[in-house]
Amino acid sequence: MDLVSRKKKRRDKICISCLKPQTAVYIQDLDVLECERNKGIGTLLIKASREYGKRRGADFIRTQVFPQNIDGMRFYEKNGFCEMMKTIESQL
């Protein structure tokens, strides 16, 4: 067993986790029309995503938000998300 990374096939997807195997639900994009915000729609979508993950045995839910998106950061924190890592990149 490789202690740095391990591949695990689960429900037709390959998950690669460092140090310990985990399965995540990943929200690629979550956007609510501006005229429909603050009506609980985003929170309902997060709740549905959590339920989806629980039914499939996921360990956690993950998404990303730009740090300058203050409203987005506030929304995710209100819904139980916290910063776990920073993504870094470099121009080629």
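**Ground rules.** I am working on a predicted model, where local features need pLDDT of at least 70, side-chain atom pairs count only at pLDDT 80 or more, and totals for chains, interfaces and linings use all residues. Residues are numbered from 1 along each chain as its sequence is written, and side-chain values use heavy atoms, with hydrogens and water left out.

**Overall layout.** I listed two helices and four strands. I took these as DSSP runs numbered from the N terminus (helices H or I, at least four residues; strands E, at least two). Along the sequence I read β-β-β-α-β-α. Of the 92 residues in the chain, 18% are buried. My cut-offs for relative accessible area are under 20% for buried, over 50% for exposed and partly exposed in between (1.4 Å probe, protein chains only).

**Helix pair.** I turned to H1 (residues 41–55) and H2 (residues 70–78). They pack at about 50 degrees, and their axes lie 11 Å apart. The axes are lines fitted to C-alpha atoms over the stretch in contact, with angles from 0 to 180 degrees between N-to-C directions. I therefore logged H1 and H2 as oblique to each other. The scheme takes under 35 degrees as roughly parallel, over 145 as roughly antiparallel, 65 to 115 as roughly perpendicular and the rest as oblique. H1 passes H2 in a right-handed crossing, meaning that the near helix is turned clockwise from the far one by less than a right angle.

Which residues meet here? From H1 I noted Gly42, Thr43 and Ile46; from H2, Phe75, Tyr76 and Lys78. By class, this contact has three nonpolar, two polar and one charged residues. Ala, Val, Leu, Ile, Met, Phe, Trp, Tyr, Cys and Pro count as nonpolar, Asp, Glu, Lys and Arg as charged, and the others, Gly among them, as polar.

**Ser49.** Is Ser49 buried or exposed? I found it buried, at 17% relative accessibility. Ser49 sits in helix H1. Leaving aside neighbours within four places in sequence, Ser49 contacts Val25, Ile27 and Ile61.

**Asn38.** I flagged Asn38 for a positive phi of about 65 degrees, although it is not a glycine. Asn38 lies in the loop between strand S3 (24–26) and H1. Asn38 is exposed, at 83% relative accessibility.

**Cysteines.** I searched for disulfides (pairs of cysteine sulfur atoms within 2.5 Å) and found zero. Cys35 is exposed at 56%, and Cys82 is exposed at 55%.

Technical notes
Contact = heavy atoms within 4.5 Å.
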